[in-house]
Amino acid sequence: MTDGVLEAAAGQQSKTASADMPKGTRELAADQWWRRAVIYQVYVRSFADGNGDGIGDLAGVRSKLQYLADLGVDAIWFTPWYVSPLADGGYDVADYRAIDPAFGSLGEAEQLIAEAKALGIRTIVDVVPNHVSDQHPWFQAALAAAPGSPERARFWFRPGRGKNCDEMPNAWVSNFWGTTWTRTTNPDGTPGEWYLHLFSPEQPDLNWDHPEVRAEHEAVLRFWFDRGVAGVRIDSAALLVKDPALPEIPAEPKPGEHPNTDRDDLHVIYRGWRAVADSYPDERILVGEIWLPDIERFAKYLRPDELHTAFNFDFLGRPWNAVGLRESIDTTLIAHAPVGAPPTWVLSNHDVTRPVTRYGQEDTAFAFATKRAGTPTDLDLGRRRSRAAAMLCAALPGSLYIYQGEELGLDEVQDLPAEQRQDPMYHRSGGADPGRDGCRVPLPWAGAEPPFGFSPPAASAKPWLPQPRHWAKLTVEAEQGDPGSMLSLYRHMLRIRRSEPDLACGDLRWLPSGAEVLAFARGEDFVSVTNLSPAPIELPAEASVLLASADLAGGLLPSDATAWLRPDRPQTEDRLLRFPTVGGEC
Ligand code: GLC
Ligand code: CA
């Protein structure tokens, strides 16, 4: 990366300052912020430790808000910060209305929400409606009550099958490996009923046919909206509703007929949630975590009276290959268009392998580490591609998610000691699945050795997961002074994204290029080009470079790089920029 490229970006930007923005664009900025927002995901345990116990906390986040403002994000999404026994990193909630004492207090969360707002940053909280912690008062009451009691009706308790009821009620397989049923013990010590858990036994599934379950969640939404949060991320949003007969899963279920996924009644629930969100005068948003292979079914959740947006995971599951990525972009845009919802672009989160590692492994098949355990990793290659991928995603229409540490180019920590791993996926698979701890290692902020400023200097406790030594080069302190760093790239990229009217509202139009090049215009005055071919390509002379993810030696865009361009002429039908057709015309 040369300084020249970055300076070109800074210079161009001022030409398109917000005062020049068309009226419609400014209105969008005020009212429909979520349509193109940049949302930064904070995994609180691993972000910054304020009190020196080795665990990230709200004091730590508050001390870094300015960092996030400088990065240029519009909102922060906090993974669950509620009281939790941590059987699944906080996705086992014991009390939705209290902050886990390891993180701070409710008062401190309120202060944090207000301080972020003062910096122009909105807050999104995570709700986990499919299940609660087994320590939640409702589940404790259910265990203490008899079969058939109202307390048990809020969950899925069933007698077992077989002579002694010692066979599970059905054979559903857990998302966390193993079975989905655990048998309870009666007060007299005899074996009792079984209860359903799609995830770990510490996460019993709620019965969403029960009116109290529905009412309680709407009350939880109001609780947080009343505290000023701008939105809610809905965990496992397609799993809540079950077929009450709990039948086995058919080999090829018809749409809407899977016994525990994507059932039609979910839409009734989310219409109710939307009514809650819409009852607030300013915009409060609902973001669904929806993993569905059928993108048309996925888009149904985004109809105007349901969720505002949902995570689009298709893109992050694709290998680094132009044909597949182009197809992913096209299907995403086509599926979202009829419902009028903006797509989301996600390269990483707390559940998937970090992109630098993923893209550094050839033939990356999927984002979960289990699929590729043992594959050799080329981190330099992964970092180059991650830079290119970041700019590609940031140029696409819709909102953009950044998972903490992505902006530093952190890699997956693949060699964590077994005894320090906490993810139930690792433990329940007997170690066959490396699990997700490797993308949850505490962030490096400063200094030459662990804890890299994650905890205050006087802290005696070590970070809850060990940080690798090579992160010394990847601290915020090291990267912010380096114009070629990932952090500098993200800062420039987000600054340009914010100031470009075409990136907010412009349609996407593919430009003529080779099949291994992804070139498109947004609106008439902005072009993004990503070279996934093995050879450098020439950039058109009739455009200037706003920003590039790699050094443009000799004016060529190298392999595995993205450039953003300002065309000399508006991109209309007969005046489109053309890119070299290496690998066949597209
Ligand atoms: C979601 C979360 C994941 C969690 C699971 C169960 O997929 O992102 O971290 O383990 O739901 O709540
Ligand atoms: Ca702490």
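A residue counts as buried when its relative accessible area is under 20%, as exposed when that area is over 50%, and as partly exposed in between (1.4 Å probe, protein chains only). The views below show a predicted model, in which local features need pLDDT of at least 70 and side-chain atom pairs count only at pLDDT 80 or more, while totals for chains, interfaces and linings use all residues. Residues are numbered from 1 along each chain as its sequence is written, chains are lettered from A and ligands numbered from 1 in the order in which they are written, and side-chain values use heavy atoms, with hydrogens and water left out.

**View 1. The loop between α13 and α14 holds P451 and F452.** Helix α13 covers residues 424–428 and α14 covers 476–480; helices (H or I, at least four residues) and strands (E, at least two) are DSSP runs, numbered from the N terminus. The peptide bond leading from P450 to P451 is cis, with omega near 10 degrees. F452 has a positive phi, near 50 degrees, in a residue other than glycine. With a relative accessibility of 1%, F452 is buried.

**View 2. L246 sits in the loop between β9 (231–234) and α8.** Although L246 is not a glycine, its phi is positive, at about 50 degrees. L246 is buried, and its relative accessible area is 7%.

**View 3. Five residues coordinate the calcium ion (ligand 2): D49 (OD), N51 (OD1), D53 (OD), I55 (O) and D57 (OD).** These donors lie at 2.3 to 2.4 Å. Donors are N, O and S atoms within 2.8 Å of the metal (3.2 Å for Na, K and Ca); water is not among the atoms, so sites may look incomplete. Along the chain, the donors follow the spacing D-x1-N-x1-D-x1-I-x1-D. D53 is partly exposed, at a relative accessible area of 32%, whereas D57 is buried, at 3%.

**View 4. Helix α7 (residues 211–226) and helix α8 (residues 265–278) have axes that come within 10 Å and cross at roughly 30 degrees.** Axes are lines fitted to C-alpha atoms, for helices over the stretch in contact, and angles run from 0 to 180 degrees between N-to-C directions. The crossing angle makes α7 roughly parallel to α8; angles under 35 degrees count as roughly parallel, over 145 as roughly antiparallel, 65 to 115 as roughly perpendicular and the rest as oblique.
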